[in-house]
Amino acid sequence: MNPVHKKIPVLIHNGKPVCESLIIVQYIDEVWHDKNPLLPSDPYQRAQARFWADFVDKKVYDCGRRIWATKGEEKEAAKKEFIGIMKKLEGELGNKPYFGGEDFGYVDVALIPFYCWFHAYENFGNFKTETECPKLVEWAKRCMQRESVSKSLADPHKVYEFIVSLKKKLGNE
Amino acid sequence: MAEEVKLFRTWSSPYALRIVWALKLKGIEYETIFEDLTNKSPSLLQYNPTHGKVPVLVRDGKPVCESLVILEYVDETWKHNPLLPQDPYEKSMARFWANFGDDKLMKSIWQLFIAHEKDQDVAAVAALENLKIVEEQLKGKKFFHGETIGYLDLAFGWIANLVSILEEIMSLKLVDGERFPHLSSWIQHFIDAPVIRDCWPPRDKMIIKFQVMRENYLAAATPK
C-alpha cells in the first residue's frame with residue numbers, strides 16, 4: 001500500500017491508499033467535509049494552518065529525537081532548539097483555546113500527538129516544558145480533555161520506556 | 001478594489017520559480033522583490049520571521065510562506081485555471097508526489113551533486129532510483145496531470161531548470177533519454193511552454209553559482 005516510503009500511517013479508503021499523515025488528514029477533511037472541518041474555509045487562514053502544521057512536521061520529531069539520541073553539547077543544543085520551537089508555537093497559539101481558534105483544528109491535530117513524547121524529552125533533556133512554555137502545556141491539557149485525544153495518545157511512561165529500550169538496542173546509552 | 005500582490009524571491013531559487021509560474025498561469029499582476037539572502041531585508045524578516053526564506057507571497061500586507069503552501073493558497077484564491085485536481089484522492093496524490101519530490105528526490109540529487117568522487121556511485125544509486133519512481137508517474141501523460149500544466153509540474157519544475165545545470169557541472173548525465181524517456185519528454189514540453197519559457201533564470205549565472213556552491217561543500221567535507 002505504500003511502496004514508495006514503506007511507512008505508516010496509510011489510510012485505505014475504498015481500496016485506495018493515501019500516505020503521509022498530514023496529507024491523510026487533509027484528505028479526511030475534504031472527503032468528510034460537512035462535519036467538524038479541521039481546516040478553515042478562508043484561503044489565507046488555510047495557508048497559515050498548513051504552514052504551521054508543516055513547521056511541526058519539519059521540526060518537532062527530529063529535534064526531540066536529538067535530545068534523547070545525543071550527549072553533551074549536542075544534547076544541550078537540541079534541548080535549546082526544542083524549547084525555541086515550542087516557544088514559537090506558543091507564540092502562534094497566542095490567547096486562543098486552540099490553534100484552530102475556538103475549535104480543535106488542523107494544527108492541533110498535527111501537534112498534539114507529540115505531547116505524549118514530552119515526558120521522555122524532558123527526562124532526557126532535564127527540563128520542564130511547563131516551566132518554559134506554560135500556555136502551550138495548558139493547550140495540551142485542554143486537548144487531552146477531548147476523549148478522541150486522551151484515548152488515542154500513548155502513555156508517556158510507556159513512550160519513555162520504549163526510548164530507553166531503543167537506546168539500548170542502538171548501543172546508545 | 002485593486003489588490004496588492006508582492007513576491008519576495010531570489011533570482012535563482014527554484015522554489016520561488018514555482019510561484020512565478022503559478023502567478024503567470026493565473027494571469028496575476030504582482031511586484032517582485034529580489035532578496036540577497038546574505039543580507040536579508042527587514043521586510044523579509046518581518047514577513048517570514050520563522051524561516052527567513054524565500055519565496056514569500058504577500059497579498060494586501062498578509063504573508064504566505066513555504067512554496068507548496070503558497071501554491072495551494074494561489075490556487076484557492078484565484079480559482080480560474082486550476083492547478084490542483086478537484087477530486088480529493090487525486091489531490092492527495094498530487095500532494096504526496098510534490099512532497100516526494102522535495103523530501104526524497106531533490107535531496108538525493110543534491111547529495112550526489114556534493115559527493116566526493118569516492119561516494120558518487122552510492123549517491124547516484126539513490127538519485128536514479130528516485131528518478132525512476134517519477135518516470136513511472138509520467139507514463140502515458142504529457143504533463144503530470146494530463147494535457148495541461150498543473151501543480152505537480154510546477155512542483156517538479158526544478159528538474160527541468162536545475163538538473164541539466166548540475167549535470168553540466170558534474171560532467172555526469174542523470175536524466176538521459178534512454179533511461180528516462182517520459183521524464184525527458186516532460187522536460188522538453190515543460191521548457192517549451194510559453195508561460196514557463198519566459199521565466200528562466202540565466203543559465204550561465206546559474207552554472208557559476210552552483211559551481212561555487214559545490215566547491216565550497218567539497219572543500220568543507222574534505223578531511224584535513
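This report describes the annotated regions, aromatic pairs and charge-over-ring contacts of a predicted model.

**Annotated regions and domains**

The UniProt annotation "domain: GST C-terminal", taken from an unreviewed entry, covers residues 42–162 of chain A. In chain B, the UniProt annotation of that name, also from an unreviewed entry, covers residues 87–210. The computed secondary structure and end-to-end distance of each stretch are set out below.

**Aromatic pairs**

Over all chains, the structure holds 26 aromatic pairs. One of them joins Y98(A) and F104(A): the ring centres are 5.8 Å apart and the planes stand at 85°, so the pair is edge-to-face. That class applies because the angle is over 60 degrees, the cut-off for an edge-to-face pair. Y98(A) has a relative accessible area of 10% and is therefore buried. F104(A), with a relative accessible area of 14%, is buried as well. Both assignments follow from the cut-off, since buried means under 20% relative accessible area.

A pair in chain B has another geometry. F144(B) and F156(B) are stacked, with 4.9 Å from centre to centre and 20° between the planes. F144(B) belongs to the loop between helix 5 (117–137) and helix 6 (151–170) of chain B, whereas F156(B) belongs to helix 6 of chain B, so the pair ties together parts that are 12 residues apart in sequence. Both F144(B) and F156(B) are buried.

Chain A also contains an aromatic cluster, formed by Y61(A), F82(A), Y115(A), W117(A), F118(A), Y121(A) and F127(A).

**Charges over rings**

Which ring does K16(A) lie over? K16(A) lies over the face of Y89(B), at 4.5 Å from the ring centre; this contact involves a residue of chain A and a residue of chain B. Within chain B, the charged end of K205(B) sits over the ring of W11(B), at 4.4 Å from its centre.

Notes. Residues numbered from 1 in each chain as written. Chains lettered and ligands numbered in written order. Predicted model: local features only at pLDDT ≥ 70, side-chain atom pairs only at ≥ 80, totals over all residues. Heavy atoms only, no water. UniProt positions renumbered as here; feature names shortened; annotations may be inferred. Phe/Tyr/Trp six-rings, centres within 6.5 Å; stacked < 30°, edge-to-face > 60°. Buried < 20%, exposed > 50% of the residue type's maximum accessible area, 1.4 Å probe, protein only. Helix = DSSP H or I, 4+ residues; strand = E, 2+ residues; numbered from the N terminus. Lys NZ or Arg CZ within 6 Å of the ring centre and 35° of its normal.
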